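The sequence and structure come next.

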Amino acid sequence: MQNNSEKSAPKGHTRTQWAVAILVNSTVLTYGLQCGWVSPMTKILQSEESPVGRPLTDSEISLIAGIPSLAAVVGILILLYVVETYGRKRAVIIMAFLQLICWIIKLCPSNPISLLVSRIFCGLGAGGCFHVVPMYVKEISQDNIRGTLGSISALFQSMGILSMYAIGGYLGYYTVLYFVTAIAVCIFVMLFQVPESPSFLVNQGKLKESTAAIAYLRGLQIDNKEVQNEMDSIKREDDYYKSIPHITFFGIFKYKAWRRGFLIMFVLVILHGLNGVFSIISYASTVLKNSKMEISPELQSLAIPISLTLGTATTMTIVDRLGRKVLLGITFAVSSLALASLATNQLLSGCGWATPSWLPIVAILLTVYSYGGGVSPLPFIIMTEMFNFRIRAKLMGILSATAWLMTFVQLVSFTAVTNTLGVETSFFIFCGINFIGVILALFVLPETAGKTVEQIETKLRNDKHDRNSDI
């Protein structure tokens, strides 16, 4: 009888987790569309038929392109308060609303100021794409698909960029805006249907709602043993961390595991932000023009987002089987080798040596592929797994803000270094940064795939004692 009962018991499914993760990550798709918007629209904005009434200057285009990185830092601070006080769901909805405002402002009569304001709203919403969204997805996902669902964000970002490159070159300025605004409206409305994070509900003392959310996400009945076991695990973690006095940011450094985990991730997001891929993309058109390979303008514009999308799609299929550590080390290594090849090619070409015309193009595409395949998504997946609920929002906010600032520093410093020391110097610097990433990933970073927070903290302490020995 017992065996028959076990066989007839529902086993649950992951369909709901996939649907919710895809819907929440659609905000990252919107961000990808916003990232890709500048490139195809630059030609229109700098033409005599510019919707702002006059052609924009190069400096105005640069400001419009770069301001979201700074606005994202402010967005993170706002969303950090919302996510800890009002919950993950409301923070995601606010993100989607800010993204919608960005598109609506662009639909209004345009001038340089209104475009700048719209891009500021873009950045405010983008601040949560690699802070709130990965945190929410981690907290609704079961362990065996956590990495795969966490990789959706990078895939959707690259798909958004690719889609905008594809439609931006063929459709009119306002046609594109009406299309993407309709998408943003649909996303905003549908996000009201997603459940709140079970961990946040437990933290707020809403145990019944948390149990119902877990059952809904797992496709099980509320009284199922798996649901109760997961609830017990969340409650134990919540009870332990509530027993600790209020933790300030500096108080986090009193605990060895938290301190070591934060420092590892802090270095990792600096390497991520200075990886060089955004500068590579900016320089790609010049490299392609200088190469002797005949490539159509359409293929030139689509090659980079296609490589980015293929990289993220590859990661989704192997991240939970191969693990975070090895995959991150491999992608950093491929980036380092590709950048070394690109730098050497530029150095030799500058000295009058003949070099293969295909080499710089392959190097650029490999760098972009590796970025999408690991350097971009994995740091944000790892940080959601490394930190417990009590400190997760605080530390992820700080780390995400650091990543945005480093990206801004990369974009600003690339031109100055290139003009002073030559483009090959910039590429060699990026090569060295990625090589440091290889060492950090393979020899310092703990594996987080399939591990509980307690197991990861034990690894960070380098001991087998209980968590109280961490103090």
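## Cavities

On a 1 Å grid over the protein atoms alone, a cavity is a set of points where a 1.4 Å probe fits but cannot get out, and lining residues have an atom within 4 Å of a point. Grid points are joined across faces, edges and corners, and a volume is the space filled by probe spheres set on the points. By this rule there are three cavities of 30 Å³ or more. The model is predicted: local features need pLDDT of at least 70 and side-chain atom pairs count only at pLDDT 80 or more, while totals for chains, interfaces and linings use all residues. Residues are numbered from 1 along each chain as its sequence is written, and side-chain values use heavy atoms, without hydrogens and water.

The largest cavity has a volume of about 90 Å³. Its lining includes Pro134, Lys138, Arg146, Phe380 and Glu385. Helices (DSSP runs of H or I, at least four residues) are numbered from the N terminus. α6 (132-140), α7 (146-150) and α18 (378-386) are the elements giving two or more residues to this lining, and α18 gives the most, with four. By class, the lining of the largest cavity has five nonpolar, four polar and three charged residues. Here Ala, Val, Leu, Ile, Met, Phe, Trp, Tyr, Cys and Pro count as nonpolar, Asp, Glu, Lys and Arg as charged, and the others, Gly among them, as polar.

## Second largest pocket

A pocket is an open set of points with protein on both sides within 12 Å along at least five of seven lines. The second largest pocket has a volume of about 680 Å³. Of its 28 lining residues, Lys138, Asp143, Ser233, Ile234 and Glu237 lie nearest the centre. α12 (225-243) gives the most to this lining, with eight residues. The lining of this pocket divides into six nonpolar, six polar and 16 charged residues.

## Helices α3 and α19

α3 (residues 58-85) and α19 (residues 389-421) pack at an angle of about 175 degrees, with their axes 8 Å apart. That makes α3 roughly antiparallel to α19 (an angle over 145 degrees). Axes are lines fitted to C-alpha atoms over the stretch in contact, and angles run from 0 to 180 degrees between N-to-C directions. The contact (heavy atoms within 4.5 Å) has 11 nonpolar, four polar and three charged residues.

## Helix α21

Asn462, with a positive phi near 60 degrees, follows α21.

Terms used. Parallel < 35°, antiparallel > 145°, perpendicular 65-115°, else oblique.
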